[in-house]
Amino acid sequence: MSECKAPRFLKISILRFDPHDPEDFPHMETFEIEESDGMTLYIVLNEIREHHDNALKFDFVCRAGICGSCSMLVNGRPTLACRTLTSKLDEHITLAPLPLFELIGDLSVYTGKWMRGLNARLETWIHDKEEELNVNKLEERMEPALADEIYELDRCVECGCCVAGCGTAQMNSYFMGAVGLNKIARYQLDPRDKRTDDDYYELVGNEDGVFGCMTLLGCEDVCPKDLPLQSKIAYLRRMMLKNTL
Amino acid sequence: MKVIYTDVLIIGGGLAGLRVATGIKERGHDAVVLSLVPPKRSHSAAAQGGMQASLANCKMGEGDNEDVHFSDTIKGSDWGADQEVARMFVHCAPKAIRELAHWGVPWSRVHRGDHAAIINAEKVTITEKDEAHGLITARDFGGTKKWRTCYTSDGTGHSMLFAMDNKAKQEKVEVHERLEAISLIHENGRCYGAVARNLMSGELVAYVSKATTVATGGYGRIYSVSTNAIICQGIGQAIALETGVATLGNMEAIQFHPTAIVPVGILTTEGCRGDGGLLLDKDGYRFMPDYEPDKKELASRDVVSRRMTEHMRKGKGVKSRYGDHLWLDITILGREHIEKNLREVKEICENFLGIDPAVDWIPVRPTQHYSMGGIRTKYTGESQTLKGLYSCGEAACWDMHGFNRLGGNSVSETVVSGMLVSEYISDYLDSDESHLSIHTANVEKFVRIEQEKLDALLSKENGEDAYVLRRAMEEIMMNKVGIFRNGDDLQKAVDELEELHKRSKNIEVFRSKSRAANPALVNAYRTQKMIKVALTVAYGALLRTESRGAHSREDYPERDDANWLKRTITSWPDENQSIPTVSYEEIDISKMELPPGFRGYGKDLTKHHPDTKKREDVVNAIKEKLEEEGGDRFEVQNCLMPYIDKLPKKYRGTNERLGENV
């Protein structure tokens with residue numbers, strides 16, 4: 001079908017800025033690329049780097065929608081660039097770095113640092129005061145449905161799209177975003193984590209946590225993994241309220 | 001000059017590197033991890049299908065144990081593996097998975113009672129035992145006698161990596177992100193750390209350490225199409241090679257995975273076939289039973305990839321503008337199963353192909369996937385020739401995979417080897433041998449050399465374009481060092497790569513001259529390193545005049561134990577030489593628990609070694625005698641090939657299973 005049509009020429013406008021270059025300032029730059037079959041923004045950006053501007057900065061790792069490295073604003077919307085097919089977009093495509101994260105340059109942002117801070121703050125690991133594990137013994141049992149339910153929330157790739165799409169995060173830089181709240185929901189569900197509801201309240205029962213959410217739910221709209229962020233935030237709120245009573 | 005001192009420098013923040021770091025911290029030592037990317041974005045996250053561990057919880061895993069896992073692994077390796085290392089591995093895999101369960105991986109669990117499954121294109125009902133309810137379950141994978149591959153849907157690597165990274169955070173492991181090791185600091189046969197480049201600021205930093213561990217994964221990106229993440233460029237192997245002292249093992253052993261999507265080469269997990277998916281040709285015909293009537297789609301990966309290629313060569317491939325492909329049909333598994341157990345596959349199909357795998361067939365073909373070769377180590381993970389340098393995971397040739405790795409054994413190796421190597425390193429740190437004795441002037445010299453190389457790349461005029469050289473290298477590897485190999489093509493590949501290597505000394509970084517974050521500069525120095533790694537692969541493949549595992553020579557179709565039961569060892573002692581130095585390490589049949597035999601695929605073309613028969617007789621006599629005396633399987637094993645003393649004491653215990661040792 002598309003084989004008989006002449007290929008489109010895409011206009012890719014990119015918000016560029018190199019913070020290491022004192023003479024540079026943020027500006028838009030447009031590149032023209034011939035579209036090919038099955039073309040993704042991963043292919044587009046690499047083509048620009050290889051044939052037009054080898055200084056263009058962006059991040060890809062798995063290029064398969066699995067690792068969460070390549071989140072950026074595509075026509076203003078946070079998403080994973082690697083799995084965005086150009087055929088689903090208009091000829092003129094605008095790319096900008098994910099807002100709210102430290103800029104490394106052009107489309108490359110330091111989501112890793114932000115997420116590391118978040119994980120340290122929420123202590124996103126299993127808290128188990130029991131004695132050391134005997135690795136020779138049969139593993140502890142878990143209900144199959146519960147394991148599936150935990151995995152569902154464990155699928156977050158920390159791409160940062162939910163933070164970039166969050167109204168509260170725009171105003172309060174300490175807000176932990178849906179990524180943080182989802183993690184607390186995940187550990188609260190996990191019987192291996194011995195933290196109590198009081199402990200969780202200490203972590204998220206404030207305006208930087210679950211009570212800061214304005215329920216705009218941009219997070220759920222843009223989450224590339226379709227995590228049930230809306231229902232988990234609502235659940236956490238009910239749980240926290242119950243805990244205060 | 002900025003110098004950072006630590007006990008152990010770990011290069012690479014994937015599963016293997018993080019597991020080493022965690023073990024080191026637990027033993028009270030200090031560790032710094034260098035990672036190109038945030039650790040949770042490492043390529044480990046892309047492992048979909050699962051982790052092999054012989055837990056024997058599910059019905060189809062009943063009767064599984066270390067012995068069966070061992071035998072599958074050795075047969076899979078085409079007898080190229082180190083059998084002691086494979087024994088250490090199968091013994092510790094159940095421990096590693098139980099540890100990960102404790103650290104939070106939500107492994108899929110056994111549900112008591114009936115469930116439907118597809119086996120050999122037929123719907124069957126499997127009944128799980130009551131007493132197994134809630135224990136970790138497993139799925140079928142290629143080349144295994146039992147269902148042994150434990151999983152979380154098809155996001156196993158993701159869940160493991162997240163749990164591992166969280167554990168590392170809990171242990172306060174220091175991670176230096178976006179730092180790339182570009183050379184190893186060494187002197188008098190001892191490694192003292194690395195020179196690293198900050199990919200954001202461009203700053204060079206010397207990391208000086210008592211022990212250094214390379215856990216940078218494989219080198220798949222020397223091929224133009226690979227399932228590997230784009231950071232799997234073999235830089236870890238390259239910096240080891242560039243010491244001139246450390247050696248690489250079996251670099252020509254490259255695995256092609258049967259089912260990557262066309263054209264982009266993204267993987268769809270072996271779990272698709274493990275769960276009952278079929279391979280079909282252009283006529284919708286299921287061809288694998290014609291070639292491998294016994295294991296069919298679930299033959300070992302190397303075998304399936306070759307059969308698919310053969311079938312396409314017969315004109316049975318589906319024509320496309322990107323070349324021929326075949327179909328992977330998982331529609332028979334049903335939507336519910338796909339949406340629960342093959343979610344990543346479904347997302348990949350939707351996003352990259354625009355199809356629904358519950359309704360449509362998936363276009364696939366064999367694609368570069370795994371590097372069995374790597375930094376050659378002893379069983380402790382330490383380089384055989386450069387003291388203080390360690391390596392584990394895909395980066396290493398430890399060597400438990402020989403010439404073909406079984407699906408599900410890679411993520412398993414990362415955590416098992418990480419767990420063991422961290423203990424051996426800690427023992428080393430506890431000994432007097434580990435003290436540092438390098439003059440800071442020498443450290444500075446290593447930094448200066450790297451700075452000069454970078455300066456040369458930036459200031460060069462009328463030089464070569466790194467992209468042109470790199471694309472040429474990728475095409476050579478793809479077309480001449482692929483699934484089927486032959487002497488003529490391999491000779492051409494070596495000659496052409498040698499030429500590229502010479503040209504790569506003259507690379508110029510065009511236009512972009514920044515010393516800070518500069519992708520052009522990064523591409524320039526990595527291309528130089530990648531070409532060297534590509535040469536070790538192509539040259540090793542040219543010299544190995546036999547077919548073993550994934551290394552398949554059309555001009556030498558037989559496995560030749562008489563002449564080639566040995567590991568290829570590659571080094572680069574003089575930086576002015578233009579091809580690597582190759583030597584060989586004999587594999588001793590007289591010490592094998594499982595003497596060389598027939599893998600059971602196609603026709604047996606093996607040229608046997610004269611020692612094989614002798615060893616078989618010895619093995620059979622020992623087995624007979626002990627069985628007569630009522631010895632159990634552990635006693636028999638210990639008599640054939642003792643290995644348990646090599647393990648750290650804390651990991652020597654016997655594994656519990658339902659109905660065994662409980």
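Across the interface of chain B and chain A the rule finds 13 salt bridges, a salt bridge being a side-chain nitrogen of Lys or Arg within 4 Å of a carboxyl oxygen of Asp or Glu. This is a predicted model, in which local features need pLDDT of at least 70 and side-chain atom pairs count only at pLDDT 80 or more, while totals for chains, interfaces and linings use all residues. Residues are numbered from 1 along each chain as its sequence is written, chains are lettered from A in the order in which they are written, and side-chain values use heavy atoms, with hydrogens and water left out.

**Interface of chains A and B**

- One of the salt bridges pairs Glu139(A) with Arg98(B), whose closest N and O atoms are 3.0 Å apart.
- The contact (heavy atoms within 4.5 Å) takes 80 residues from chain B and 69 residues from chain A.
- Between them the two chains bury about 6,400 Å², 51% of it on carbon and sulfur atoms; buried area is the accessible area (1.4 Å probe) that two parts lose on being put together, summed over both.

**Strand β1 of chain B**

- Strand β10(B), residues 204-214, runs parallel to β1(B) and is joined to it by 9 bridges, with Tyr5(B) standing opposite Val208(B); two strands pair if DSSP finds at least two bridges between them.
- Strand β2(B), residues 31-35, is also parallel to β1(B), through 4 bridges, and here Leu9(B) stands opposite Val32(B).

Technical notes
Helices (H or I, at least four residues) and strands (E, at least two) are DSSP runs, numbered from the N terminus.
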